[in-house]
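Here is a short briefing on charged side chains and how they pair up. Please have a look at the model first, and then read on.

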Amino acid sequence: AEEIYDQVRKVSPTTSLATVYKTLDTLKELGEVQEMEFGEGCNHYDGVDPVPHPHVVCTHCGKIEDVKVSGVNTLQIQATEASGYRITAQRVEFYGLCRVCQQAAG
């Protein structure tokens with residue numbers, strides 16, 4: 001939400017952060033956006049993407065990014081076969097230090 005807010009303020013300086021959150025809530029209700037919680041108030045909003053994809057989360061600054069990699073569907077198939085579950089959704093996350101935090105750490 002804060003990243004969207006920063007971008008919107010460049011073209012519409014009077015827009016408030018509350019407006020961004022209200023818009024995201026409306027998009028969630030319409031099924032266009034999904035909110036993903038990552039703990040400690042770190043939420044990430046994804047457009048409804050039919051292609052499953054993992055996220056990388058910086059354990060230092062909290063930055064969250066999408067990662068396009070192959071094999072996520074294969075992982076879901078393996079989990080289905082191993083567990084016997086009918087899996088209806090999945091979430092894959094990787095945690096570490098982003099490039100900026102790596103440079104800051106030296």
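K63 counts as partly exposed at 39% relative accessibility, where partly exposed lies between buried (under 20% relative accessible area) and exposed (over 50%), with a 1.4 Å probe and protein chains only. This is a predicted model, in which local features need pLDDT of at least 70 and side-chain atom pairs count only at pLDDT 80 or more, while totals for chains, interfaces and linings use all residues. Residues are numbered from 1 along each chain as its sequence is written, and side-chain values use heavy atoms, leaving out hydrogens and water.

**Salt bridges**

- The structure holds 4 salt bridges, each defined as a side-chain nitrogen of Lys or Arg within 4 Å of a carboxyl oxygen of Asp or Glu.
- One of them links K63 to E65, with the closest N and O atoms 3.7 Å apart.
- E65, like K63, is partly exposed: the relative accessibility is 37% for E65 and 39% for K63.

- D25 and K28 meet through their side chains in a salt bridge of 3.5 Å, N to O.
- These two residues, D25 and K28, lie 3 residues apart in helix α2, so about one helical turn separates them.
- In general, an α-helix has 3.6 residues a turn, so residues three or four places apart point the same way.
- K28 also forms a salt bridge with E35, whose closest N and O atoms are 2.5 Å apart.
- The side chains of K28 and E35 are joined by a polar contact of 2.5 Å as well; the term covers a pair of N or O atoms within 3.5 Å, where within protein one must be able to donate a hydrogen and the other to accept it, and residues adjacent in sequence count only if both atoms are side-chain atoms.

**Where K28 sits**

- K28 is found in helix α2; helices are DSSP runs (H or I, at least four residues), numbered from the N terminus.
- Helix α2 spans residues 17–29, and its 13 residues reach 19 Å from first C-alpha to last, close to the 18 Å expected (1.5 Å times one less than the number of residues).
- After α2 comes G31, with a positive phi near 80°.
- Beyond its neighbours within four places in sequence, K28 is in contact (heavy atoms within 4.5 Å) with V33, E35 and Y45.
- K28 and I64 are 36 residues apart along the chain, and 19 Å separates their C-alpha atoms.
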